[in-house]
Amino acid sequence: MNIKEMKVQINILTNINKITNTMSMISFSKMGTILKKCKILNNLYKETKKIILENYDVKNNKINCCILITTNKGFCGSINNESIKFFLRFLKNNKNLDLIIIGKKAIDFFDKKNIYIKKKIIFNEKSDIFFSKDIIELLKNYKNIFFISSKIINNSIKSIKTELFVKKKKCFYEKKYLNNNFLFEKYINYSLKHLFYENYYCELKSRMITMKSAADSSKKIIKNMNIIKNKIRQFKVTQEMLEIINGNHL
């Protein structure tokens with residue numbers, strides 16, 4: 001490789017370094033806002049769960065529903081692969097499951113597999129996150145609903161399973177004052193929002209780390225290539241000087 005080709009490669013790597021640094025900074029800037037949303041939604045989710053577990057009548061239907069949440073975009077490490085592996089293990093160990101997948105990455109993966117998916121959903125992170133009326137009506141028929149998503153645990157990203165309904169002694173709220181359909185819809189959507197934004201926070205953190213690592217790696221390669229380029233230039237200058245000196249002696 002000559003100096004001209006090396007300059008082209010260094011310019012390409014410099015552009016990659018700028019792009020990956022920018023993507024890392026954008027992810028970092030979004031993380032604060034999403035973390036605030038996660039805290040608020042976590043409280044709503046917990047409070048709604050307390051109410052619904054004391055009032056909601058679990059269906060006698062034997063079929064459960066499993067909902068997988070993945071990302072729409074890439075460059076975020078292996079969080080989608082880990083969630084999909086967790087999801088497939090759960091399917092293997094549990095029968096009578098209807099499947100719903102959320103996120104472009106899961107849809108792209110399962111489109112290549114011979115696995116029946118009941119619903120495929122893509123949400124835009126910038127818009128409100130909620131299930132449509134037809135999906136809410138569908139979810140009312142299941143005995144239990146499981147979400148599989150990503151969460152930060154001990155400062156590392158883990159795949160988790162969230163079970164929405166657990167049998168509990170009902171003794172606090174009076175049913176006659178509650179609209180169970182309204183409560184169910186709110187609970188499902190608060191659960192979805194809470195888990196979706198937790199997963200989105202994991203996506204941003206993973207992308208920030210991945211892009212920072214890529215930026216650091218490209219910086220090291222640029223440094224090494226500049227050293228090699230300078231050595232080649234020095235060698236050529238020395239070679240030319242030797243040729244001039246040898247030419248004068250002839």
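Reply: Two strands pair if DSSP finds at least two bridges between them. Helices (H or I, at least four residues) and strands (E, at least two) are themselves DSSP runs, numbered from the N terminus. This is a predicted model, in which local features need pLDDT of at least 70 and side-chain atom pairs count only at pLDDT 80 or more, while totals for chains, interfaces and linings use all residues. Residues are numbered from 1 along each chain as its sequence is written, and side-chain values use heavy atoms, with hydrogens and water left out.

Me: What makes β4 and β5 a pair?

Reply: Eight bridges join the two strands, which run antiparallel, and the requirement is at least two, so β4 and β5 count as paired. One of the bridges links Ile148 to Lys161 in β5.

Me: How do you know that β2 and β3 pair?

Reply: Three bridges connect β2 (residues 97-102) with β3, in the parallel sense. Across from Ile101 you will find Lys120 in β3.

Me: Why are β3 and β5 said to stand at the edges?

Reply: Start with the order: five strands make an open sheet, β3-β2-β1-β4-β5, with mixed pairing. β3 (119-121) and β5 each have a single partner strand, so one side of each has no neighbour in the sheet. From one strand to the next, the twist averages 25°.

Me: Which helix packs on the sheet?

Reply: That is helix α2 (residues 79-93), which touches β1 (64-69), β2, β4 (145-153) and β5. Here touching, or contact, means heavy atoms within 4.5 Å. The direction of α2 makes about 145° with that of β4; axes are lines fitted to C-alpha atoms, for helices over the stretch in contact, and angles run from 0 to 180 degrees between N-to-C directions.

Me: Why is Ile157 called partly exposed?

Reply: Buried means under 20% relative accessible area, exposed means over 50%, and partly exposed is in between (1.4 Å probe, protein chains only). Ile157 has 30% relative accessibility, so it counts as partly exposed. This residue lies in strand β5 (residues 156-163). Leaving aside residues up to four places away in sequence, the contacts of Ile157 include Ile79, Cys202 and Ser206. Ile157 and Ile79 are 78 residues apart in sequence, yet their C-alpha atoms are 7.4 Å apart in space.

Me: Why is Asn72 called buried?

Reply: Asn72 has a relative accessible area of 16%, and that is why it is buried. Asn72 is in the loop between β1 and α2.

Me: How do you know that a polar contact joins Asn72 and Glu125?

Reply: A polar contact is a pair of N or O atoms within 3.5 Å; within protein, one must be able to donate a hydrogen and the other to accept it, and residues adjacent in sequence count only if both atoms are side-chain atoms. The side chains of Asn72 and Glu125 make such a contact at 3.4 Å. A polar atom of the Asn72 side chain also lies 3.0 Å from the backbone nitrogen of Lys104.

Me: Why is the pair of Phe165 and Tyr187 called tilted?

Reply: Rings of Phe, Tyr and Trp (its six-membered ring) pair if their centres lie within 6.5 Å; planes under 30 degrees apart count as stacked, over 60 as edge-to-face and the rest as tilted. For Phe165 and Tyr187 the centres are 5.9 Å apart and the planes meet at 55°, so the pair is tilted. Both Phe165 and Tyr187 are buried.

Me: What makes Phe196 and Tyr197 edge-to-face?

Reply: Their planes stand at 90°, with 5.8 Å from centre to centre.

Me: What is the mean pLDDT of the protein?

Reply: The mean is 88, and 94% of the residues reach 70 or more; pLDDT is the predictor's confidence in each residue, from 0 to 100.
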